[in-house]
Amino acid sequence: MAQDDKKKNAEKTEKPEKAPVKRKKSKKKKKKGMPKALRVCLIMLAVLAVLFAGTVALAMSGVIPANDVEDFLDDFVGEGVEKALDKVLPNDLVDEVFVDKYGDFVDFVVDLLPKPQRVALDGEIVVHFFDVGQGDSMLIMAPQGNVLIDAGPNDCEKDLERYLDDLGITTLHCVIATHPHEDHIGSMDMIFEEFEVKNLIMPNAEVDTDTFTETGDYTRMMAGAAEQGTTVNYAKSGTTFSLGELQFMFLAPNATDYNDLNDWSLVTKVTYGSTSMIITGDAESISEKEIVKKYGSSTLDCDILKSGHHGSSSSSCDEFLDAIDAEIVVISCGAGNKYNHPNTDTMDRYREREMEIYRTDLEGTIVYVSNGAEFTKQP
């Protein structure tokens, strides 16, 4: 038995051991991560979305003016999103799908925001002689409110609305309609539709022209004023009003039997501190001579003349120019207009007096600022 056991043990000892089987380690498949460009794009979109929401929230509370919000959303957020999308989408697709739709969305958001009224800074007024083509329109921004004089022709509505929107205008303390011709009141209906107008001042002209027809510019202007409940006042020579330190004095009309509607024009002297302007509408030499006779040079002396009747030959007579002694003349007229405004002889009368001449048909909108001591032209 013992020998048998030894043999079995010997056999166990001599039997070679099997080498351990090496198991192949299974390779784990790496999960494919998000493309880097897409990851960057999503991060940028998230950041811009936060900026968008924060900006809109500040605007809703009135901390940031709506116009500044629109600029920010368009220029910064819009460009940022467009660049992000360009990394993962074809450019033409981004332009067609995003750019147009985003612009519409921004317009929608801005329309919902409160638009606090913008006025001039304390201690100054800002005067905008708008480029409205062959017509007249100007805005005076003062610390206590804004005054619009005329609103240009019908075809300038969109441009005029954009000018006023870009300036942050929501309310007009006063609108002066110098006389009811289309090139001065054509866009007044838009003014009453889009802006709050507290007061409307105009001459009490009773003339039968196309302007007074049922669908005419005058009728639409008066309908807009009635719908808003705007106070309507009829002014004449000697009528005055003020807006803080800004003083308005009407120099014309001085009669009630004019044959030409142009001579019904409200001619206005605007005074701020020691600086002043005379705004003439389309008043012609008949009205100008009446003004000189009634007021004299001591009252009429001014810094800036808004050229009468777009610089036509029938306005800016010698007697009037000598009496006002203005250093600067601003002419509002359309490029290549059929009337050939400004007239060569009128321009010569300005040059003879060494007046600085500025024209909207050559320079576009012209802007001056007065600090009460002097007018400074803005670039």
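Select helix α8 (residues 217-228) first: this helix lies across strands β7 (199-203) and β8, and runs at about 150° to β7. Axes here are lines fitted to C-alpha atoms, for helices over the stretch in contact (heavy atoms within 4.5 Å), and angles run from 0 to 180 degrees between N-to-C directions. Helices (H or I, at least four residues) and strands (E, at least two) are DSSP runs, numbered from the N terminus.

The model is predicted: local features need pLDDT of at least 70, side-chain atom pairs count only at pLDDT 80 or more, and totals for chains, interfaces and linings use all residues. Residues are numbered from 1 along each chain as its sequence is written, and side-chain values use heavy atoms, with hydrogens and water left out.

**The whole chain**

Of its 379 residues, 46% are buried (under 20% relative accessible area, with exposed over 50% and partly exposed in between; 1.4 Å probe, protein chains only). Among contacts between residues at least 6 apart in sequence, 67% join residues at least 24 apart.

**The eight-stranded sheet**

Next, colour the strands of the open sheet in the order β8-β7-β5-β3-β2-β1-β16-β17; the pairing among these eight strands is mixed. Two strands pair if DSSP finds at least two bridges between them. At the edges stand β8 (231-235) and β17 (375-377), each with a single partner strand, so one side of each has no neighbour in the sheet. From one strand to the next, the twist averages 20°.

Within this sheet, select β1 (residues 125-129) and β16 (residues 366-370), which run antiparallel and are joined by five bridges. His128 has Val367 of β16 as its bridge partner.

**Aromatic pairs**

Now display the aromatic side chains. Rings of Phe, Tyr and Trp (its six-membered ring) pair if their centres lie within 6.5 Å; planes under 30 degrees apart count as stacked, over 60 as edge-to-face and the rest as tilted. Six aromatic pairs are found by this rule. Tyr258 and Trp264 form an edge-to-face pair, at 5.7 Å centre to centre with 80° between the planes. Both of these residues, Tyr258 and Trp264, are buried.

Move to Tyr358 and Tyr368, an edge-to-face pair at 6.2 Å centre to centre with 70° between the planes. Tyr358 belongs to strand β15 (residues 356-359) and Tyr368 to β16, so the pair ties together parts that are ten residues apart in sequence. Tyr358 counts as buried at 18% relative accessibility, and Tyr368 is buried with a relative accessible area of 2%.

Then select Phe241, Phe248 and Phe250, which ring pairs link into a cluster.

From Phe250, follow the bridge to its partner in β11, Thr268. Strand β10 (residues 246-252) pairs with β11 in the antiparallel sense over six bridges. Strand β11 (residues 267-272) is mostly covered, with five of its six residues buried.

Continue to strand β12 (residues 275-279), which runs antiparallel to β11 and is joined to it by five bridges. Here Lys269 stands opposite Ile278 of β12. End the tour at Gly273, in the hairpin of β11 and β12: two residues lie between the strands, and Gly273 takes a positive phi near 65°.
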